[in-house]
Amino acid sequence: MYQQFFGLERHPFSMTPDPAVLFLTEQHREALAGLTYAILGRKGFVVLTGDAGTGKTTLLTRVLQYLPAQRIRSSVILNSTLSPAEFLEMAMLDFGIADIPQSKAQRIFKLQQFLLSGYAAGQISALVVDEAHKLSPEVLEEIRLLGNFENAKDKLIQILLVGQNELTDVLNRDDLRQFKQRVAVRLRLEALSKEDVAQYIQHRWTKAGGRRPSPFPPDVVERIDELARGIPRTINVICDNVLMLAFAKSQSTVTLEHLREAARDLDLTEPKPQPKVVEAPVEDPVAVELPPAPIAVARFRTLERYGGDPESRPSLWSRWVGKLGLA
């Protein structure tokens with residue numbers, strides 16, 4: 001509605017997971033590289049977690065879109081509230097398997113033949129489960145058993161579980177320890193940093209065809225960050241609403257008043273300040289001399305190689321970004 005007023009070619013803050021406007025922070029690049037590596041490397045089980053609205057589905061769509069189409073056959077399950085029988089049927093349907101038998105034994109046999117034929121043709125079969133934190137223990141057991149499709153060299157099916165942070169707690173349960181042992185790659189998305197929020201808004205504006213300067217001044221961007229708490233989906237909702245308000249008032253720049261009005265309409269509240277933790281003084285501390293640990297040697301070698309704080313060294317997946325051509 002306001003696109004023409006602001007000189008845009010498309011909606012800048014759409015809620016759909018559009019990979020064409022994916023904003024790649026360092027952590028998103030690492031997750032992109034990790035997912036790509038796990039699928040092409042036939043690693044079996046992969047887990048991607050993150051808070052609601054951090055861009056997991058958009059990132060996943062980007063991965064599936066940019067992998068070589070002639071090599072990848074994917075089945076994507078978006079509704080995780082299924083029974084084990086429904087889950088297996090849905091997975092087969094989305095793989096494009098026709099005439100699904102009623103018998104579970106025949107279904108498993110048919111799926112196995114599908115995976116074997118794909119492997120023989122050099123194709124990779126990937127099963128993607130979104131909202132995986134909602135999976136029941138029975139369905140998770142069904143998924144674990146699907147991971148047994150393998151030969152002496154490779155996994156015949158690559159299984160990606162994508163879910164909110166609760167998925168980590170689910171997989172840490174004692175009755176799912178066998179499942180957890182099979183996870184080859186774990187990845188996580190966090191909320192955007194303050195600097196990332198400003199770049200994210202500018203990125204979406206530019207991708208929408210915005211040739212004029214962004215209508216979001218720094219003070220407004222700072223307040224958006226505080227209200228959205230670094231969650232891209234919430235940023236999109238706020239920005240869409242404030243642009244609508246600015247358009248309604250024929251104003252080409254977003255103001256704090258627009259933002260306050262949008263926040264009221266969206267029922268957004270300020271984050272509560274975290275209470276300060278005051279540590280009690282320890283009386284008569286006793287120094288304990290510990291033997292040198294292997295981790296200390298590893299840390300020294302890391303510092304020697306990269307220099308500075310070990311937290312600043314390149315991670316495994318960030319070093320894969322260039323190798324996979326994802327930068």
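Trainee: Let me start with Arg 229: how accessible is this residue?

Mentor: This is a predicted model, so everything we say is about the prediction. Arg 229 has 46% relative accessibility, so it counts as partly exposed. You will find Arg 229 in the loop between α10 and α11.

Trainee: What is the phi of Arg 229?

Mentor: Here is the general idea: most residues other than glycine have a negative phi. Arg 229 is not a glycine, yet its phi is positive, about 60°. Arg 42 is another non-glycine residue with a positive phi, of about 55°.

Trainee: Where does Arg 42 sit, and is it buried or exposed?

Mentor: Look in the loop between α2 (26-40) and β1 (45-50). The relative accessible area of Arg 42 is 12%, and buried means under 20%, so Arg 42 is buried. One more positive phi, near 60°, belongs to Asp 267, which follows α12.

Trainee: Let me turn to α12 itself. Which of its residues are buried?

Mentor: Begin with the general idea: an α-helix has 3.6 residues a turn, so residues three or four places apart point the same way. In helix α12 (residues 256-266), the buried residues are His 258, Leu 259, Ala 262 and Ala 263. Viewed down the axis of α12, these buried residues fall within an arc of 135°, so they line one face of the helix. On the other side of α12, Arg 264 and Asp 265 are exposed.

Trainee: What covers the buried residues of α12?

Mentor: The cover includes α10 (218-228) and α11 (232-248).

Trainee: Which residues does Asp 240 touch?

Mentor: Leaving out residues up to four places away in sequence, Asp 240 touches Tyr 2, His 11 and Phe 13. The C-alpha atoms of Asp 240 and Ser 14 are separated by 8.1 Å, although these two residues are 226 residues apart along the chain. With 23% relative accessibility, Asp 240 counts as partly exposed. For the protein as a whole, residues 24 or more positions apart account for 74% of the contacts with a separation of 6 or more.

Trainee: How should I read the largest pocket, and which residues lie nearest its centre?

Mentor: Ask about its space, then its lining. The largest pocket holds about 450 Å³ of space. Its lining has 28 residues, and Gly 53, Gly 55, Lys 56, Thr 58 and Arg 233 lie nearest the centre. The elements α3 (56-66), β4 (157-163), α9 (194-207) and α11 each supply at least two residues of the lining. By type, the lining divides into ten nonpolar, twelve polar and six charged residues.

Trainee: How many helices and strands does the protein have?

Mentor: There are 14 helices and five strands. Of the 327 residues in the protein, 42% are buried.

Trainee: Which element has the lowest mean pLDDT, and which the highest?

Mentor: pLDDT is the predictor's confidence in each residue. Among the elements, helix α13 (residues 294-306) has the lowest mean, 38, while strand β3 (residues 124-129) has the highest, 96. Over residues 290-313 the pLDDT is below 50, and this stretch has ten contacts in the model beyond near neighbours in sequence.

How values were computed. Residues numbered from 1 in each chain as written. Predicted model: local features only at pLDDT ≥ 70, side-chain atom pairs only at ≥ 80, totals over all residues. Heavy atoms only, no water. pLDDT = per-residue confidence, 0-100. Helix = DSSP H or I, 4+ residues; strand = E, 2+ residues; numbered from the N terminus. Contact = heavy atoms within 4.5 Å. Buried < 20%, exposed > 50% of the residue type's maximum accessible area, 1.4 Å probe, protein only. Arc of directions from axis to C-beta. 1 Å grid on protein atoms, 1.4 Å probe; cavity = no way out; pocket = protein on both sides within 12 Å on 5 of 7 lines; lining within 4 Å. Points joined across faces, edges and corners; volume = space filled by probe spheres on them. Nonpolar A, V, L, I, M, F, W, Y, C, P; charged D, E, K, R; others polar.
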